[in-house]
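Subject: Structure for your reading

Dear colleague,

Please find below the structure that I would like to hand over to you.

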Amino acid sequence: MERGIETKCIYGDGAKFEGDKTGSISFPIYQTATFAHPEVGQSTGYAYSRMQNPTREQLEQVVASLEEGVDALAFSSGMAAITALMELFQPGDHIITDADLYGGSLRLFRSINAKNGIAFSHIDCTREDVESYIQENTRAILIETPTNPMMNVIDIRRMAEVTKRHGIWLIVDNTFLSPYFQKPLTLGADIVIHSGTKFLGGHNDTLAGFLVTSSPELSEQLRYISKTVGSGLAPFDSWLILRGIKTLPIRMERAQENAQAIVAFLQGERRVRKVYYPGIPGTQAYEICKRQASGFGSMITFEVESRELALHILKSTRLIPFAESLGGVETLLTYPTTQTHADVPLEVQLKNGITDRVLRLSVGIETKEDLIEDLRQAMDSFEGKDSI
Ligand SMILES: *Cc1c(COP(=O)(O)O)cnc(C)c1O
């Protein structure tokens, strides 16, 4: 019988690490840069921590098993993972990405990869005829779903049909739902990206990133890149993420339950114009998400009636910090236009719906009544005149 995901979060696929004979329940932190060899021509399997480290490998094994991938590689941040991924491409290659992506990814593509000769088309992968943008030199389609911050949902199976027809890669950033709710490789994706900083780590205490692959060839190429560029995750950080993942299922469930209660509250607020959450029935996002994921997650974006109210809420919450990032046990309130998406040109922000009235909530696992009460007092204390 295939192991359940809760078991995999704790033990991975069950492969035993033979190097430790103490019976330690918590995986040891191999805080070493280098490893001794028995003699010339012999190796323990470990030479230097940029290339191999047991703690990082244990984490990689757990993440590969959660995503049902062939292999996973751990990096020092999500951006380090995406930077390494981009080394798969050559000058002259073309990549299609969804238009509504994490701002840091867009900045990497625009300011680093473009200067190295890689061309990008950013298109709305929910609506437009994506296939018509494929050129002779197109090598991949890269998406996030749900998207950040507008919570659009892209049909992963439909994208995989397109990429398979053209013999190119489908790359999915699965940070927002985590493998607990969504497994893109099982829907036809070739590579999964994670910011492990977010739900996998889950405690807002360290950075990490992952690439999970569906084939040994891709894994081999990426391992070569990783050991060469040197952005692998450090042993202690690997241990922190391993520890975080053990509680991923119960955190995801509880955060989703809280998010659903907050969505209901926001929908009843007069000063909230629109709530973006894939778990709202009657939308296309809901239908697609239901088909390809087992949950809707705990990210909520909402638009209030004025910029003044948005700014007021950001300075008036007493419990919920105004801070970047997501996926931790702490609920965080973010202002995409000046934070996560500050480097995205204003006209692109507006085209994607990121106005100065849009706020993003990453819902944590606190008592939901406390969260709702905090949002309520922040909105009720606004004295500005209605702009309706
Ligand atoms: C945060 C994030 C990243 C970048 O990850 P870091 O760990 O911050 O480098 C990439 N993609 C998404 C969707 C993110 O939320």
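A polar contact is a pair of N or O atoms within 3.5 Å; within protein, one atom must be able to donate a hydrogen and the other to accept it, and residues adjacent in sequence count only if both atoms are side-chain atoms. Please note that this is a predicted model, in which local features need pLDDT of at least 70 and side-chain atom pairs count only at pLDDT 80 or more, while totals for chains, interfaces and linings use all residues. Residues are numbered from 1 along each chain as its sequence is written, and side-chain values use heavy atoms, with hydrogens and water left out.

The ligand

A polar backbone atom of Met79 is 2.9 Å from an oxygen atom of the ligand. A nitrogen atom of the ligand has a polar side-chain atom of Asp173 at 2.7 Å. For Ser195, a polar side-chain atom lies 2.8 Å from an oxygen atom of the ligand. On its own the ligand has 380 Å² of accessible area, and the protein covers 93% of this; such areas come from the Shrake-Rupley method with a 1.4 Å probe, and for residues only the protein chains shown count as cover.

Which residues are around the ligand? They are Ser77, Gly78, Met79, Tyr102, Glu144, Asp173, Thr175, Ser195, Thr197, Lys198, Ala208 and Leu326, where a residue is near a molecule or strand if one of its heavy atoms lies within 4 Å of it. This shell divides into four nonpolar, five polar and three charged residues. In that division, Ala, Val, Leu, Ile, Met, Phe, Trp, Tyr, Cys and Pro count as nonpolar, Asp, Glu, Lys and Arg as charged, and the others, Gly among them, as polar.

The strands

Helices (H or I, at least four residues) and strands (E, at least two) are DSSP runs, numbered from the N terminus. Two strands pair if DSSP finds at least two bridges between them. Strand β9 (residues 299-304) and β11 run antiparallel and are joined by five bridges. Across this pairing, Phe302 stands opposite Leu359 in β11, and Ile300 has Leu361 as its bridge partner. β11 is also joined to β10 by three bridges, again antiparallel, with Ser362 as the bridge partner of Leu332. Strand β8 (residues 272-276) runs antiparallel to β9 and is joined to it by four bridges; here Lys274 stands opposite Glu303.

Are the residues of β11 buried or exposed? In strand β11 (residues 358-362), five of five residues are buried, that is, under 20% relative accessible area, with exposed meaning over 50% and partly exposed in between (1.4 Å probe, protein chains only). Both of its faces are covered, with Val358, Arg360 and Ser362 on one side and Leu359 and Leu361 on the other. In β9, six of six residues are buried. Its covered faces hold Met299, Thr301 and Glu303 on one side and Ile300, Phe302 and Val304 on the other.

The loop between β4 and α5

Asn148 lies in the loop between β4 (138-144) and α5 (156-166). Asn148 counts as buried because its relative accessible area is 1%. Its side chain makes a polar contact of 2.8 Å with the side chain of Arg360. Leaving aside neighbours within four places in sequence, Asn148 is in contact (heavy atoms within 4.5 Å) with Asp100, Leu101, Tyr102, Phe176, His341 and Arg360.

Most residues other than glycine have a negative phi, and most peptide bonds are trans. Met151, which is not a glycine, has a positive phi of about 60°. Met151 lies in this loop too, and it counts as buried because its relative accessibility is 4%.

Two further loop residues

Asn204 lies in the loop between β6 (191-195) and β7 (209-213), and its phi is positive, near 50°. Asn204 is partly exposed because its relative accessible area is 31%.

Asp343 is found in the loop between β10 (332-334) and α12 (346-351). Asp343 is partly exposed because its relative accessible area is 38%. Not counting residues up to four places away in sequence, Asp343 touches Arg107 and Arg110. Asp343 and Gly104 are 239 residues apart in sequence, and 7.9 Å apart in space from C-alpha to C-alpha.

Yours sincerely
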